[in-house]
Amino acid sequence: MTGDRDRRFISLALGLARRGLGRVWPNPAVGCVIASEDRVLGRGWTQPGGRPHAETVALAQAGAAARGATAYVSLEPCAHHGRTPPCAEALIAAGVARVVTALEDPDPRVAGRGHAMLRSAGIKVTAGVMAAEAAALQKGFLSRIRLGRPMVTLKLATSLDGRIATASGESQWITGPEARAKVHAMRAAHDAVLVGAGTARADDPTLTVRGLGVTHQPVRIVAARSLDLVADGNLARTAREVPLWLVHGPAAPKARRAHWEAAGARLIECAETPDGLDPAAILATLGQAGLTRVFCEGGGQLAAALIKADLVDELALFSAGLALGAGGRPAVGALGLTRLAAAPRLRLVSTSTHGPDLLSLWSRD
């Protein structure tokens with residue numbers, strides 16, 4: 001049946017699109033399948049850096065066989081001229097007879113125009129197949145277009161009693177190697193990794209993806225109000241190898257700015273609140289820079305600021321089977337809550353085990 005076939009091939013297109021997560025910003029990660037009846041003629045996904053687009057890759061693979069076939073695309077084909085011609089025009093030129101899409105593109109440059117262009121050319125268009133699944137996959141892109149900021153995934157790795165370090169600050173390692181490998185895979189599926197200055201000073205991290213054989217790295221971002229970071233640490237030594245963005249306040253000392261610029265970091269000045277850098281302003285600035293998916297790895301004060309500002313879209317909580325007690329450092333700083341009803345609530349999406357540790361994924365929807 002056509003409906004079953006549409007879902008099957010759109011599901012394949014969504015799987016292809018997922019391969020582009022973390023690699024294609026500011027563009028959306030899109031998948032495309034060219035098929036005739038039950039036979040796949042071509043397939044493609046948005047390539048690193050955002051080009052070529054999924055449709056272009058799939059059409060090139062299908063060649064002349066695309067004429068009279070059906071194109072299954074996870075997002076409405078673009079209708080505007082950018083660095084490449086519109087994908088809707090490419091589908092028309094290839095002579096496809098039908099286009100099935102999962103989701104309309106909310107980008108004002110598209111927003112239904114791609115579908116309209118196809119229909120005007122006599123191509124049958126079926127839209128909205130597996131729309132909910134497509135929206136979940138495109139959450140970061142949709143957030144940047146609709147809200148002006150990237151989607152935020154907050155990752156916490158805690159003891160059973162919600163601590164991220166002992167009273168002395170020891171934290172390596174609360175979770176096991178399997179959980180840490182999962183964290184690296186999650187980093188790779190995001191455009192950027194974000195930490196606070198306290199975490200950067202305490203851990204001297206590299207914030208890179210390791211052990212997976214990937215060739216790309218997410219942007220590394222540190223929210224450091226005064227740029228008071230380790231001047232010769234891992235971040236400084238690798239700033240020219242892997243992108244490093246430092247978000248700071250207006251009063252950050254000129255000498256520190258000069259040091260980090262000379263090291264190769266990109267400095268981003270951001271508005272402040274009485275409590276520190278304004279988290280909403282940080283994310284708005286990152287959205288303007290094109291980021292769609294940000295993976296925040298703490299620490300407690302940054303986590304609390306994002307939660308208080310209602311800016312956490314997904315929470316990835318790794319729980320290890322040990323207790324550190326009240327003297328340990330909490331995963332989330334003070335939220336200033338006096339009523340239980342005021343506490344933000346999330347919806348449990350899934351749970352999984354990674355070695356001895358438990359990962360629970362939550363969404364605020």
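Biologist: Across which strands does helix α7 lie, and at about what angle does helix α7 run to β15?

Modeller: In this predicted model, helix α7 (residues 177-188) lies across β6 (151-158), β8 (192-196), β14 (293-296), β15, β17 and β18. Its direction is at about 165 degrees to β15.

Biologist: What is the order of the nine strands in the open sheet?

Modeller: Strands of a sheet pair through backbone hydrogen bonds, either parallel or antiparallel. Here the order is β11-β10-β9-β8-β14-β6-β15-β18-β17, and the pairing is mixed. At the edges are β11 (266-269) and β17 (347-354), each of which pairs on one side only. From one strand to the next, the twist averages 20 degrees.

Biologist: How many bridges join strand β15 to strand β18, and do these strands run parallel or antiparallel?

Modeller: Six bridges join β15 (residues 314-319) to β18 (residues 357-363), and the two run antiparallel. Ser-319 is opposite Leu-358 in β18.

Biologist: Which helix lies across β6, β8 and β14, running at about 135 degrees to β6?

Modeller: That is helix α12, residues 300-308.

Biologist: In what order do the five strands form an open sheet?

Modeller: The order is β2-β1-β3-β4-β5, with mixed pairing. Because β2 (39-45) and β5 (124-126) each have a single partner strand, one side of each is left without a neighbour in the sheet. The twist averages 15 degrees between one strand and the next. Strand β4 (residues 98-101) is joined to β5 by three bridges, and these strands run parallel; Arg-98 stands opposite Lys-124 in β5.

Biologist: Which strands does helix α1 lie across?

Modeller: Helix α1 (residues 2-18) lies across β1 (31-36), β2, β3 (70-73), β4 and β5, at about 145 degrees to β1.

Key: Residues are numbered from 1 along each chain as its sequence is written. This is a predicted model: local features need pLDDT of at least 70, side-chain atom pairs count only at pLDDT 80 or more; totals for chains, interfaces and linings use all residues. Side-chain values use heavy atoms; hydrogens and water are left out. Two strands pair if DSSP finds at least two bridges between them. Helices (H or I, at least four residues) and strands (E, at least two) are DSSP runs, numbered from the N terminus. Axes are lines fitted to C-alpha atoms, for helices over the stretch in contact, and angles run from 0 to 180 degrees between N-to-C directions. Contact means heavy atoms within 4.5 Å.
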